[in-house]
Each structure stands twice: as structure tokens, then as C-alpha cells.
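The following note is intended to be read alongside the sequence and the model. Please keep both in view while working through the numbered points.

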Amino acid sequence: MGARMALSLRDVQRDPIANRALNELMHHHTVAEEKGRLVLTKTTGDMKLFLYDLDDLHQLDFVRNQQMVREIERLRVRSTRIDQQRESWKVRALMAEAQLLEATTTKTNNNRGSQKVSDLRYVSLKRYLAKRFHPDYAPGQGIEKIDRNEIFKEIWNEIERLDQGVSATRFATTQSSTAA
């Protein structure tokens, strides 16, 4: 076993990795130099850590980084699961709304009531698409956001075309009913 060099606080401060690890430890320990080593004493209790080499701090930093990587991956998986659940809930809500509107449609036998329900479904779908793809609500950055903007423009142009067709049909229906 080779002779160890004395470890000082100054040596640790010069090494970025060791300094980062020591700063992390200093949240719960006090540091003192003693006989060529660093002694860390736990602030709540009498536990002491003896550090003889920069490698000790490098290993502590490595272990801490591995723990953070595992935690980040755990959070990423949880976030993905939450996103999937949210999308599932949106679909279920839209399906429930559609079923409710269909039930209302079957109860309303006249054509006028059916048309109102259909309009409500259309407005609901339009609102959903606007929230889903509108540039102000689009998540992501870079090319993903640009793609969403382009999809929104295509969808919205089609919706406006349909709106104009519906308006023309309503106008014609109103004209024919007032003429009769």
C-alpha cells in the first residue's frame, strides 16, 4: 500500500468533482482538517466520516449521480404514465359527451332538436381540436411545435370551410321556412 498524501480542504476546492461532493455533504456535516485527512462530523449526532483521498469524494459524487439518474428515470416513467392517463380521460370524456348527446338526440324526435344537438357536438369537437393543436397551447419546442402549428392550420382551414357550408345551409333553411 502506497503512502497517501495529506488531504486538505484546499485540495478539495481545486477539484470540481470533489468540491461538488463536499458541498453536498456540508448540508449535514461540519468539516475539519485533521492529521492529513478531512473529518466530517454529522451536525445532528456524533457520526464522523474520515476522508483520506480525493477518490473518496469522487466515489461519493458518482453514487449521488447514479441515484439522481435513477430518480430522473422514475420520474420520466411516471410522467409518461400520467400523460397517457390524461389522454385516456380526454377520450373517455369525449365519448361520454357523445353518448349523452346521442341519448338527447334520440329523445328529441323533431329535426330541429336533432340539429341543435349536432351543433353542440360540432362545437365541442371544434373546441377540443383548438385546445389540442392551437399554437398557444401546443407543447414541445422546435420542429414538434412547427408541425403542430401546420396541423392546426390545415384543420382550422377545413373547419372554417365547414362553418361556411353550415352557415349557407342554415341560411337556405331559414329562407325556405320563412317563405312557406
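1. Arg37 is part of strand β2; strands (E, at least two residues) and helices (H or I, at least four) are DSSP runs, numbered from the N terminus. The model is predicted, so local features need pLDDT of at least 70 and side-chain atom pairs count only at pLDDT 80 or more, while totals for chains, interfaces and linings use all residues. Residues are numbered from 1 along each chain as its sequence is written, and side-chain values use heavy atoms, with hydrogens and water left out.

2. Is Arg37 buried or exposed? Arg37 counts as buried because its relative accessibility is 15%; buried means under 20% relative accessible area, exposed over 50%, and partly exposed in between (1.4 Å probe, protein chains only).

3. The side chain of Arg37 forms a polar contact of 2.8 Å with the side chain of Glu34. Such a contact is a pair of N or O atoms within 3.5 Å; within protein, one must be able to donate a hydrogen and the other to accept it, and residues adjacent in sequence count only if both atoms are side-chain atoms.

4. Leaving aside residues up to four places away in sequence, Arg37 touches Leu7, Ala32, Phe50, Leu51 and Tyr52, where contact means heavy atoms within 4.5 Å. With the same exclusion of residues up to four places away, Leu7 touches Arg37, Leu38, Leu51 and Asp53, among others.

5. Leu7 also belongs to the largest nonpolar core, which has ten residues, including Val12, Leu38 and Leu51. A nonpolar core is a set of buried Ala, Val, Leu, Ile, Met, Phe, Trp, Tyr and Cys residues joined through side-chain atoms within 4.5 Å. Both α2 (16-25) and β2 (37-42) supply at least two residues of this core, and the largest share, four residues, comes from α2.

6. Along the protein chain, from the N terminus on, the elements run α-α-β-β-β-α-α-α, which gives five helices and three strands. Of the 180 residues, 16% count as buried. Among contacts between residues at least 6 apart in sequence, 44% join residues at least 24 apart.
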